[in-house]
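Please look over the structure shown here before reading the briefing that follows. The points are grouped by topic.

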Amino acid sequence: MLKSQQRSEGASVQPASDFDAVIVGAGFAGLYMLHRLRGLGLSVRVYEAGTGVGGTWFWNRYPGARCDVDSMDYSYSFSEELQQEWTWTERYPSQPELLRYLNHVADRFDLRRDIQLETRVTAAVFNEATGRWDLQADTGDRVSARFCVMATGCYSAAKIPNIKGFESFKGKWYHTSHWPEEGVDFAGQRVGVIGTGSSGVQCIPIIAEQAAELFVFQRSPNFVVPARNAPLDPEFVRRMKENYAQYRRDARETPFGAISDTSGKLALQVTPPERRLLFEKAWKEGGPNILITCPDVFGSKEANDTVVEFLHSKIREMVDDPAVAEALTPTDHPISTRRLCLDTNYYATFNRENVTLVNVRTSPIEEITPKGLRTGVAEYELDSIVFATGFDTMVGALFNLDIRGKAGKPLKQKWAEGPRTYLGLMTAGFPNLFTVTGPGSPSLLTNMVLSIEQHVDWISDCVQYLRGHELDLIEATVEAEEAWVGHVNALAGETLFPLASSRYWFRGANQPPESRSFLAYAGGLGSYRKRCDDIAARGYEGFALTAHSQRGASTDPGARTGT
Ligand code: N01
């Protein structure tokens, strides 16, 4: 029996090693992509490195892991039956509930028979002779496919800082995104958490309750607002479900992919007391609404400063020690230019006797020692270190594979100074290789599930179009790609993102600012969707479409350029 058959979840695995499409990853994107492509009658194989489906929500099992988008938004909208039959229990879905949901989806749509688990794709090489992708996995599997879809996720390549002495540490260490399935018991331990982004903010309060002592090593404070997570009111769920289809249609056209409350008032056009009331209301409601209460907060630094000031005052109210409060106060970026963190008891945690905030911006971590960790001013003895240090966003997961396009050119080489894509869906020189929520698409700036659905639908329609027109290959043109990268950068330039440290959103730090790539499309999901649809309607403008036999011919039937 082939290894691929042993490892597959289902019974009827095809022995074939040639597929119409291979999908890498079985998270939200991979599962829906499989469903759509199989629906077109394609032979499809999904490869997934994990022992189960779920992607991000399979791997990120750290204590307190929870999504920061409302459950009823952060779920598939493609099937009315699915959204009617599944009932979320909490305002924000926890990681275990999300994993149950994704497993339910895999069963409900009979997806498992085409998913091969515990298989990490290590190489994907475009074969110019066959016009197909040749893929290799760490299991020894070798397959070929006409289409290759990277559903590898934006947050799957964990970043572990390269700190001197790391190997010498005698205690245990963990990264939030690769948490042991059986959990970790920190009782009685001295624990260090490095990192205070969304993952750190969620796990720190829980680890603080378990550990004897907790040291939080913070380099940059983030804005943190209360999640106010709670069980969902059955009456609210019933009402949402009554209009779910219409709600989703409307949500798809919004910039974020969900309908949120805004006061409709501009922060700079109301009096300070009225503004404070608006922010207090959003604070009490919890969640990210404080960002959109006054829409000018996204575009005007002066308006943004008013929310920042409000949140600074909240930190001072909640944290007993003024020096700790000051250290927790973000002053180096406008709110919304880094992911707003949602918390449950984050600031209050720093009032606990057993919690110490260590400012590693003023005294950086110098070394990990056999017994713990040393900064410029002190040594901390630790039993465990938790790295909540995030990911090589978007690009890392693609770079973890050896992807080579035409003339054997590695993707890593093409993107050495930052990713370059057309629509975030394809990159020139890599025909038939799609990236779901790739760099240059709205992705992380939106409700990911609706962004994923939009990409998957577009890719499926594109594949159907190619088949209907007896074409085999689609490739972004260099001109369209250049124009798109410029457009994405220009949009980012109209926002406050450039005021945040460039390492978060820009790639190509060695380049002059105008040549850096902003990672996401900041124009909103609704307008992006329209743009993608228009491009498709114009015969896939900006893409070259060919039959394999016509490759290289100057008479590409569907070749289009420009955006
Ligand atoms: O990672 P991050 P994350 N020494 O990159 C610090 C999503 N998410 O896993 O800011 C010391 O945000 C780093 O410091 P600095 C969400 O979209 C969502 O928390 O680089 N510190 C930072 O504090 C989010 O954006 C949810 O100065 C070091 C932290 O590590 C994304 O995932 C939950 C360091 C990394 O923060 C990633 O979030 C969780 C070093 N050498 C995640 N290196 C929800 O849905 C890094 N840091 C709620």
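By class, how many nonpolar, polar and charged residues does the lining of the second largest pocket have? The lining has eleven nonpolar, seven polar and five charged residues. For this count, Ala, Val, Leu, Ile, Met, Phe, Trp, Tyr, Cys and Pro are nonpolar, Asp, Glu, Lys and Arg are charged, and the others, Gly among them, are polar.

The model is predicted, so local features need pLDDT of at least 70 and side-chain atom pairs count only at pLDDT 80 or more, while totals for chains, interfaces and linings use all residues. Residues are numbered from 1 along each chain as its sequence is written, and side-chain values use heavy atoms, with hydrogens and water left out.

**The second largest pocket**

- The second largest pocket has a volume of about 310 Å³; a volume here is the space filled by probe spheres set on grid points, which are joined across faces, edges and corners.
- Among the 23 residues that line this pocket, Gly64, Arg66, Gln202, Ile206 and Thr344 are the closest to its centre.
- A pocket is an open set of points on a 1 Å grid over the protein atoms alone, where a 1.4 Å probe fits, with protein on both sides within 12 Å along at least five of seven lines; lining residues have an atom within 4 Å of a point.
- At least two lining residues come from each of helix 5 (95-108), helix 6 (198-210) and strand 11 (341-343). Helices (H or I, at least four residues) and strands (E, at least two) are DSSP runs, numbered from the N terminus.
- Helix 6 gives the most to this lining, with five residues.

**Ser199 in helix 6**

- Ser199 lies in helix 6 and counts as buried, at 14% relative accessibility. Buried means under 20% relative accessible area, exposed over 50%, and partly exposed in between (1.4 Å probe, protein chains only).
- Ser199 and Cys341 are 142 residues apart in sequence, and their C-alpha atoms are 8.6 Å apart in space.
- Leaving aside neighbours within four places in sequence, Ser199 is in contact with Tyr62, Thr176 and Ala388; contact means heavy atoms within 4.5 Å.

**Helix 16 and Val485**

- Helix 16 (residues 478-493) has 16 residues, which at 1.5 Å a residue should span 22 Å, and its end C-alpha atoms are 22 Å apart, in agreement. The expected span is 1.5 Å times one less than the number of residues.
- The buried residues of helix 16 are Ala480, Glu481, Trp484, Val485, Val488, Asn489, Leu491 and Ala492. They cover an arc of only 165 degrees around the axis, which puts them on the same side of helix 16. The arc is that of the directions from the helix axis to the C-beta atoms.
- Helix 14 (411-414), strand 21 (517-518) and helix 18 (525-537) are included in what covers these buried residues.
- Val485, in helix 16, is buried at 8% relative accessibility.
- Val485 touches Arg420 and Thr421, not counting residues up to four places away in sequence.
- Val485 and Ser517 are 32 residues apart along the chain, and their C-alpha atoms are separated by 6.8 Å.

**Helix 7**

- Val237, Met240 and Lys241 are the buried residues of helix 7. Seen down the axis, they fall within an arc of 95 degrees, so they line one face of helix 7.
- These buried residues pack against helix 4 (80-85) and helix 8 (244-252).

**His455 in helix 15**

- His455 is placed in helix 15 (residues 448-468) and counts as buried, at 1% relative accessibility.
- Apart from neighbours within four places in sequence, the contacts of His455 include Leu423, Thr435, Ser441 and Tyr528.

**Residues in loops**

- Most residues other than glycine have a negative phi.
- Arg228, although not a glycine, has a positive phi of about 50 degrees. Arg228 is in the loop between strand 10 (224-226) and helix 7 (234-242), and is partly exposed, with a relative accessible area of 38%.
- Ser336, also not a glycine, has a positive phi of about 90 degrees. Ser336 is in the loop between helix 11 (322-327) and strand 11, and is buried, with a relative accessible area of 15%.
- Gly41 lies in the loop between helix 2 (28-39) and strand 2 (44-47), and counts as exposed at 55% relative accessibility.
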